[in-house]
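Please look at the chain below with its charged side chains in mind.

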Amino acid sequence: PAAWSASARGGGVHLVDAPGHPRLRGLGASHAPSADALVFVVDAAQFLAGKSEAADQLVGLLAAGLGRKKGRRGRGGGGPPILLACNKADLGGAAYSPDFIRKRLEREVEAGRGAAGGTLAPPGEDGGDAAAASLALAPPGKPFTFDGLASLGGGRLTAVACAAGTGEVGAVEDWLRAEGLR
């Protein structure tokens, strides 16, 4: 997985690309607090093989945006909106759907949250646990969902299919336009 952080500045978009390599994962989370939006990219064809790593990386991004009083452009609703871009959708049946990936990420985050006693500490830049305080991802006794996270002050999540290698990124562009970033 990779994460992009986008901010509209002076009529343009400032894009920060943070690759999914363990040594570079902290880059996305470090830019997330000032981002107008987050784009989290997963390989829809290889998703199951890396679902735990994707969930861990996503927790760091969610933690960075959780609890912001309002969006940077004055909108209410907490942290920056998040786009889950499921890449390689052009592979047809070999690629998982955005809805499947969203639901599996919710289950992976919930499994990690359950193992941590209801909270999770976002991963640090070195791939280990950060010294930061634990992050409550859902109300006590309720499972983690992206919709529930938005109600706690996190950004709302939208999942779309795309294929960057073939230029099929219309859903990503549409989302950026809807968020006022393009």
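Glu-106 forms a salt bridge with Arg-102, and their closest N and O atoms are 4.0 Å apart. A salt bridge here is a side-chain nitrogen of Lys or Arg within 4 Å of a carboxyl oxygen of Asp or Glu. The model is predicted: local features need pLDDT of at least 70, side-chain atom pairs count only at pLDDT 80 or more, and totals for chains, interfaces and linings use all residues. Residues are numbered from 1 along each chain as its sequence is written, and side-chain values use heavy atoms, with hydrogens and water left out.

Glu-106 and Arg-102 sit four residues apart in helix H3, so about one helical turn separates them. Both are buried. Buried means under 20% relative accessible area, exposed means over 50%, and partly exposed lies in between (1.4 Å probe, protein chains only).

Now follow Arg-102 to another partner. Asp-147 forms a salt bridge with Arg-102, with the closest N and O atoms 3.1 Å apart. Asp-147 lies in helix H4 (residues 146-151) and Arg-102 in helix H3, so this pair ties together parts that are 45 residues apart in sequence.

Arg-156 forms a salt bridge with Glu-179, and here the closest N and O atoms are 2.6 Å apart. This pair links distant parts of the chain, 23 residues apart: Arg-156 is in the loop between H4 and strand E7 (157-161), and Glu-179 is in the segment after helix H5 (170-178). Arg-156 is partly exposed, with a relative accessible area of 41%. Glu-179 counts as buried, at 6% relative accessibility. Shared partners join Arg-102, Glu-106 and Asp-147 into one network of salt bridges. By this rule the count comes to six salt bridges.

Return to H3 itself. Helices (H or I, at least four residues) and strands (E, at least two) are DSSP runs, numbered from the N terminus. H3 covers residues 98-115 and has 18 residues. From first C-alpha to last it reaches 26 Å, close to the 26 Å expected at 1.5 Å a residue. That expected span is 1.5 Å times one less than the number of residues. Buried residues of H3 include Ile-101, Leu-105 and Val-109.

Finally, turn to the strands. Six of the seven residues of strand E3 (residues 37-43) are buried, so the rest of the structure largely encloses this strand. E3 pairs with strand E4 (residues 82-87) in the parallel sense over six bridges. Pairing requires at least two DSSP bridges between two strands. Leu-38 has Ile-82 as its bridge partner in E4.
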